[in-house]
Amino acid sequence: MAIVELTDQTFNKEVQSPDAGVFLVDFWAPWCGPCRQLAPILEEVEAEIGDQAKVAKVNVDNSPETAGQFGVMSIPTMILFKNGEAVSKAVGVQPKEQLIAWVKEYL
């Protein structure tokens, strides 16, 4: 699989259904340096755990409603969802190993 791009229009359908499984959602923007730093790390995370959990991105400039709904104040912010519920949040660039361990807690 690949990293999924979500918008205000697609977020609820993809992530918030009761049988959606585990989603790692990255709230980001193209002008954000740390977000660009995190992007290749998330690709590696997706390559390792993509068969167990989905990795998605929400551009906060294009999808402000979704960012606001989850209280995203600074980016990058990553929120873990399990079966439609937000279960954990992390702000800032994280190492790949830490992200993988974080996701595995909820599998």
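Phenylalanine 70 sits in the loop that links helix H3 (64-69) to strand E4 (77-82) in this predicted model. Its relative accessible area is 15%; because buried means under 20%, phenylalanine 70 counts as buried. Leaving aside residues up to four places away in sequence, phenylalanine 70 touches Phe11, Gln16, Phe27, Ile79, Phe81, Ala86 and Lys89. Glutamate 46 is 24 residues from phenylalanine 70 along the chain, and the C-alpha atoms of the two are separated by 22 Å.

| Strand paired with E4 | Sense | Bridges | A bridge pair |
|---|---|---|---|
| E2 (residues 22-28) | antiparallel | six | leucine 24 with leucine 80 of E4 |
| E5 (residues 85-91) | antiparallel | six | methionine 78 with alanine 90 of E5 |

E4 and E5 also form a hairpin, with two residues between the strands. In the turn, asparagine 83 has a positive phi of about 50 degrees.

The report now turns to a pair of helices. The axes of helix H2 (residues 33-49) and helix H4 (residues 96-104) come within 9 Å and cross at roughly 45 degrees. H2 and H4 are therefore oblique to each other, and their crossing is right-handed. On the H2 side, the contact is made by Leu38, Ile41, Leu42, Glu44, Val45, Glu48 and Ile49. H4 contributes Lys96, Leu99, Ile100, Val103 and Lys104. Of the residues in this contact of H2 with H4, eight are nonpolar and four are charged, while no polar residue takes part.

Technical notes: Residues are numbered from 1 along each chain as its sequence is written. This is a predicted model: local features need pLDDT of at least 70, side-chain atom pairs count only at pLDDT 80 or more; totals for chains, interfaces and linings use all residues. Side-chain values use heavy atoms; hydrogens and water are left out. Helices (H or I, at least four residues) and strands (E, at least two) are DSSP runs, numbered from the N terminus. Buried means under 20% relative accessible area, exposed over 50%, partly exposed in between (1.4 Å probe, protein chains only). Contact means heavy atoms within 4.5 Å. Axes are lines fitted to C-alpha atoms, for helices over the stretch in contact, and angles run from 0 to 180 degrees between N-to-C directions. Angles under 35 degrees count as roughly parallel, over 145 as roughly antiparallel, 65 to 115 as roughly perpendicular and the rest as oblique. A crossing is left-handed if the near helix is turned anticlockwise from the far one by less than a right angle, and right-handed if clockwise. Ala, Val, Leu, Ile, Met, Phe, Trp, Tyr, Cys and Pro count as nonpolar, Asp, Glu, Lys and Arg as charged, and the others, Gly among them, as polar. Two strands pair if DSSP finds at least two bridges between them.
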